[in-house]
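Open the model in your viewer and keep the sequence panel beside it. This tour goes stop by stop, with something to select at each one.

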Amino acid sequence: MSLYSSLPHNISQNLTNFTGPLFISNKTRDRGNGRNNISANEMVSSLPFQMTLYFNVFFFPFWWTSEVTMLQLKYSLLPEYYQWLLLMAVIILALIECVRLVLGYVGNLQEKVSILEMNITIDIGV
């Protein structure tokens, strides 16, 4: 028995086969023989992934502070067009990192694979 998906079956199956090794504890009904051995109150979120997100959230302010400090130190030495580019890059990267961390937390704790896939896509893209 598979879950409802708007994707064609072959694409859905290929995505399941591709993401299976990424999510080792994937216990959804679209994977395997269809038996669901999860009790009603059991969480199947990934502890190593949650720990990684926790450390990312902890160290993100330190990264952001060092980036802003370095930007402030070299800002006056840069040409004007590069000042704007660098400023926008730091702002956009900080916003993307915040979105990535929120998606990771929500996807992992609520066990939503689609949100986790968005998190990984952002992580690979940036």
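Select Tyr-54: is its side chain buried, partly exposed or exposed? Tyr-54 is partly exposed, because its relative accessible area is 49%. Here buried means under 20% relative accessible area, exposed means over 50%, and partly exposed lies in between (1.4 Å probe, protein chains only).

Two notes on reading the model. It is predicted, so local features need pLDDT of at least 70 and side-chain atom pairs count only at pLDDT 80 or more, while totals for chains, interfaces and linings use all residues. Residues are numbered from 1 along each chain as its sequence is written, and side-chain values use heavy atoms, with hydrogens and water left out.

**Whole chain**

Colour by secondary structure. The protein has 4 helices and 0 strands. Helices (H or I, at least four residues) and strands (E, at least two) are DSSP runs, numbered from the N terminus. Of the 126 residues, 20% count as buried. The accessible surface comes to about 9500 Å², and 67% of it belongs to carbon and sulfur atoms. Areas come from the Shrake-Rupley method with a 1.4 Å probe; for residues, only the protein chains shown count as cover.

**The aromatic face**

Rings of Phe, Tyr and Trp (its six-membered ring) pair if their centres lie within 6.5 Å; planes under 30 degrees apart are stacked, over 60 edge-to-face, the rest tilted. Phe-55 is partly exposed, at 42% relative accessibility.

Move on to Phe-58, in helix H2 (residues 47–74). Phe-58 has 45% relative accessibility and so counts as partly exposed. Phe-58, Phe-59 and Phe-62 form one aromatic cluster.

Show the surface here. Leu-47, Met-51, Tyr-54, Phe-55, Phe-58, Phe-59 and Phe-62 make a nonpolar patch of about 790 Å². Patches take residues with over 30% relative accessible area and no salt bridge; like charges are joined within 9 Å, nonpolar side chains (Val, Leu, Ile, Met, Phe, Trp, Tyr) within 5 Å.

**Leu-71**

Stay in H2 and select Leu-71. Leu-71 is buried, because its relative accessible area is 9%. Leaving aside neighbours within four places in sequence, Leu-71 is in contact (heavy atoms within 4.5 Å) with Leu-86, Leu-87 and Val-90.

**Helix H3**

Select residues 80–109, helix H3. Its 30 residues should span 44 Å at 1.5 Å a residue, and the end C-alpha atoms are 44 Å apart, which agrees. The expected span is 1.5 Å times one less than the number of residues. Buried residues in H3 include Leu-86, Val-90, Ala-94 and Leu-101. The buried residues of H3 pack against H2 and helix H4 (113–125).

Zoom in on Arg-100 and Glu-97. Which contact do their side chains make? They meet in a salt bridge, 2.8 Å from N to O. A salt bridge is a side-chain nitrogen of Lys or Arg within 4 Å of a carboxyl oxygen of Asp or Glu. The count comes to 1. Arg-100 and Glu-97 are 3 residues apart in H3, about one turn of the helix. Both are buried. Beyond its neighbours within four places in sequence, Arg-100 is in contact with Asn-56, Asn-119, Ile-122 and Asp-123.

Last stop: Glu-111. This residue follows H3 and has a positive phi, near 60°.
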